[in-house]
Amino acid sequence: MVSVKAGKPPKKCSLKNSKPLSPKAAKTKHEKKKKKKTRNDNKETKTDENSKKGLVQPASASEQLSFFVNQFQCANDIQLSSLELESIKESCFLELSKSLDQDVKTLGNHMQEAFGPSWKEVLSEKQLLEGKIDPGCPAVLIVSTSALRSIELLRGLRSLTTECHAAKLFSKHMKVEEQVSVLKNRVNIASGTPSRIKKLIDIEALGISRLALIVLDMHVDVKGYSLFTLPQVRDEFWELYKTYFDQRLLEGDLQVCLYGPIPDGNVLKGKRRKNQ
């Protein structure tokens, strides 16, 4: 496990030279405490209001890292060594804007902020650039549990994909040949399911040389399953990740973003598959 440095011990308070507070000073101190309490109460009230409205505060990089590593170990039935854990940095995970909710409608805004001033050039333009932007090489890849959810997420990116259409990478109602044809053009954003994404990379139709960000959909379906807990999809995702993304993440060429609330407890649904 990663070692944690112990903090400095608190300084001891000495009462020898302390003087009693004057009534004025005591009143001022009381007022300061009252103001601080009011600020904290206001903050809690605002948090409660956001919770009632269904607003989702983005997870920090450290929270995403902790959840991701835990899911990796559980799903693959392994325990990473301290050296392996240290190689996975917080910088591998993208922290989203705290001023925006994490839902379908705001996904496009998050992507614009993530890529900064260059967002239009990276995410919206449609021209191929020889030696720089090859066909079928997206900058953003969104991974979710189903075709329906993939399409839903792409609705939140319509403002970015009017010129260069996003690629739909799932098997439902879509043949591999159709997707190969689409991937012969410039692609900035692609959304799909783990199995079909891996298949298209395997046959070299989908390229990952330009890939900068993988958005992992944390949406939970009506049965309570998500990308990390739906047994077959979960296994397909980790197979995809280990085969094509793990090394690039460790080398700092790729970032991951967990989009949506991270559940408490990190408990997996379904039977865990043992390594053979």
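## Helix packing and aromatic rings

Helix α8 passes α9 in a left-handed crossing, a term used if the near helix is turned anticlockwise from the far one by less than a right angle, with right-handed used if clockwise. The contact draws on P194, S195, I197, K198, I201 and D202 of α8, and on V233, E236, F237, E239, L240, T243, Y244 and F245 of α9; contact means heavy atoms within 4.5 Å. By class, this contact has eight nonpolar, two polar and four charged residues. Nonpolar covers Ala, Val, Leu, Ile, Met, Phe, Trp, Tyr, Cys and Pro, charged covers Asp, Glu, Lys and Arg, and the others, Gly among them, count as polar.

A word on the basis: this is a predicted model, in which local features need pLDDT of at least 70 and side-chain atom pairs count only at pLDDT 80 or more, while totals for chains, interfaces and linings use all residues. Residues are numbered from 1 along each chain as its sequence is written, and side-chain values use heavy atoms, with hydrogens and water left out.

How do the axes of α8 and α9 lie? The axes of α8 (residues 194–202) and α9 (residues 231–250) come within 8 Å and cross at roughly 30°. The two helices are therefore roughly parallel to each other (angles under 35 degrees; over 145 is roughly antiparallel, 65 to 115 roughly perpendicular and the rest oblique).

Now to the rings. The structure holds twelve aromatic pairs, where rings of Phe, Tyr and Trp (its six-membered ring) pair if their centres lie within 6.5 Å; planes under 30 degrees apart are stacked, over 60 edge-to-face and the rest tilted. Two of the pairs are set out here:

| Pair | Centre distance | Plane angle | Class |
|---|---|---|---|
| F72 and Y241 | 6.3 Å | 75° | edge-to-face |
| F228 and F237 | 5.7 Å | 75° | edge-to-face |

F72 lies in helix α2 and Y241 in helix α9, so their pair ties together parts that are 169 residues apart in sequence. Both F72 and Y241 are buried (under 20% relative accessible area; exposed is over 50% and partly exposed in between, with a 1.4 Å probe and protein chains only). F228 is buried, at 1%, and F237 is buried, at 1%. Ring pairs link F67, F68, F72, F93, F228, F237, W238 and Y241 into a cluster.

Finally, the loops. H173, between β2 (167–169) and α7 (176–182), has a positive phi near 60° and is exposed, with a relative accessible area of 74%.

Definitions and conventions: Helices (H or I, at least four residues) and strands (E, at least two) are DSSP runs, numbered from the N terminus. Axes are lines fitted to C-alpha atoms, for helices over the stretch in contact, and angles run from 0 to 180 degrees between N-to-C directions.
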